[in-house]
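Hello,

Here is the structure I promised to pass on. My notes follow below it.

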Amino acid sequence: MADAALSGLIDTFSRARRVAADDVLALRRAIYGDDGMISAREAEALIALDEAVADGCGEWKALFLEALTDFVVRQQQPADYIDDAKAAWLIERLTRDGRLKTDTELELLAHMLEAATTAPQRLIRFTLDQLKAAVIDGEGPLLRGGSLAKGKITAGEVDLVRRILYAAGGDGNVAITRAEAEALFDINDACAGGEVDPSWTDLFAKAICASVMSVSGFRPASREDEARREAWMCQADSSGFTAVALFINKMFAGGAAREDGLSDWNDYNAETERELAEAEVVTEDEARWLADRIGRDGRFCAAERAAIGALKRTCPQIHPALRPLLDAA
């Protein structure tokens, strides 16, 4: 792609502080060019344009999300994986004084987490903290949408929280970690007595229940491990069969399916079942944490009562330390 062409367009749109639908096609051609690849310089230029634009159409937002996600998640190796280096690059370029600068950037982080296979805890917590600060303080990138108010959480904000929590690249992949649950409690406490969309109660209850009943020990593999596995999957033997094909053949032939440190499916399933059984028990540590967080202000809101109800219905074994809280609520 021609840097000069993109630079000229960005300069024009930045001065106008506007990107119209008719402008997006020219931008797309300049960004992707003939090879379909995006450089770090081009990605940074797009971030600068997003911050300069006061009137961006939906087509511009879609292109911004697509292009930056292509660059960070798909084109940087290992593909489909956000590592610590990628997370650091994003946080450094999207923030000023620890805060995101536009609503599009908040949407971008959620979009990337959904697109990535894995992401570091640092990025998911940073993203959730940005939304938490916006809801609690009434300040932040959500202001551009015009719906943000201190102590208020709308249906759109609830949906964004849900996307961040359950993105494939989240802290615990499918579980809710303690840090994420703490952020939810902070948001819930800030909204006490305020205007809260009904969908928040359902999300909060399910997430808090999941935080003490799901396996949350998942940790993203290192960049080196991902690169090694990616190379292993693509390599072929003299007959042309890839390592993955040979792995599957061995598995169905009843042989030991162990290649390059990958455990066979029986071991994996047995370990998963063990972890799930242990996670369903609310431990003393989890019970004391919940007892401290729920009703901390001396009252139980609808979301906290819903969380307690969900625990009563679904948890097979609750530690006695939590019993007074269950009875009080």
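**A loop residue to start with**

Asp97 sits in the loop between β3 (95-96) and β4 (99-100). Its phi is near 55°, a positive value in a residue other than glycine. Asp97 counts as exposed, at 78% relative accessibility. The cut-offs are under 20% relative accessible area for buried, over 50% for exposed and partly exposed in between, with a 1.4 Å probe and protein chains only.

Please note that this is a predicted model, in which local features need pLDDT of at least 70, side-chain atom pairs count only at pLDDT 80 or more, and totals for chains, interfaces and linings use all residues. Residues are numbered from 1 along each chain as its sequence is written, and side-chain values use heavy atoms, with hydrogens and water left out.

**Confidence**

pLDDT is the predictor's confidence in each residue, from 0 to 100. The chain averages 79. Of the residues, 72% score at least 70. Residues 215-221 have a pLDDT below 50; beyond near neighbours in sequence, that stretch has 21 contacts in the model. Residues 275-279 are also below 50, and that stretch has six contacts beyond near neighbours in sequence. A contact means heavy atoms within 4.5 Å.

**The chain overall**

There are 16 helices and six strands. These are DSSP runs, numbered from the N terminus: helices are H or I with at least four residues, strands are E with at least two. Buried residues make up 42% of the 329 in the chain. Among contacts with a separation of 6 or more, 71% join residues 24 or more positions apart. The chain exposes about 16,000 Å², and carbon and sulfur atoms supply 51% of that. Areas come from the Shrake-Rupley method with a 1.4 Å probe; for residues, only the protein chains shown count as cover.

**The loop between α4 and α5**

Pro78 lies in the loop between α4 (58-75) and α5. A cis peptide bond joins Gln77 and Pro78, with omega about -5°. Asp80 is in the loop between α4 and α5 as well. Asp80 has a positive phi of about 70° although it is not a glycine. Its relative accessible area is 35%, so Asp80 is partly exposed.

**Helix pairs**

Axes are lines fitted to C-alpha atoms, for helices over the stretch in contact; angles run from 0 to 180 degrees between N-to-C directions.

- α1 (residues 3-16) and α2 (residues 21-32) cross at roughly 145°, and their axes come within 9 Å. Leu6, Leu9 and Phe13 of α1 make the contact with Asp23, Ala26, Leu27, Ala30 and Ile31 of α2.
- α3 (residues 40-52) and α5 (residues 84-94) pack at about 35°, with axes 11 Å apart. On the α3 side are Ala40, Ala43, Glu44, Ile47 and Glu51; they meet Trp89, Arg93 and Leu94 in α5.

The expected span of a helix is 1.5 Å times one less than its number of residues. α9 (residues 178-190) has 13 residues and reaches 18 Å from first C-alpha to last, close to the 18 Å expected. Its buried residues are Glu180, Ala181, Ala183, Leu184, Phe185, Ile187 and Asn188. They pack against α7 (121-137), α8 (155-166), α10, α14 (284-293) and α15 (302-314).

α10 (residues 198-213) has 16 residues and should span 22 Å; its end C-alpha atoms are 24 Å apart, which agrees. Its buried residues include Trp200, Leu203, Phe204 and Met213.

Best wishes
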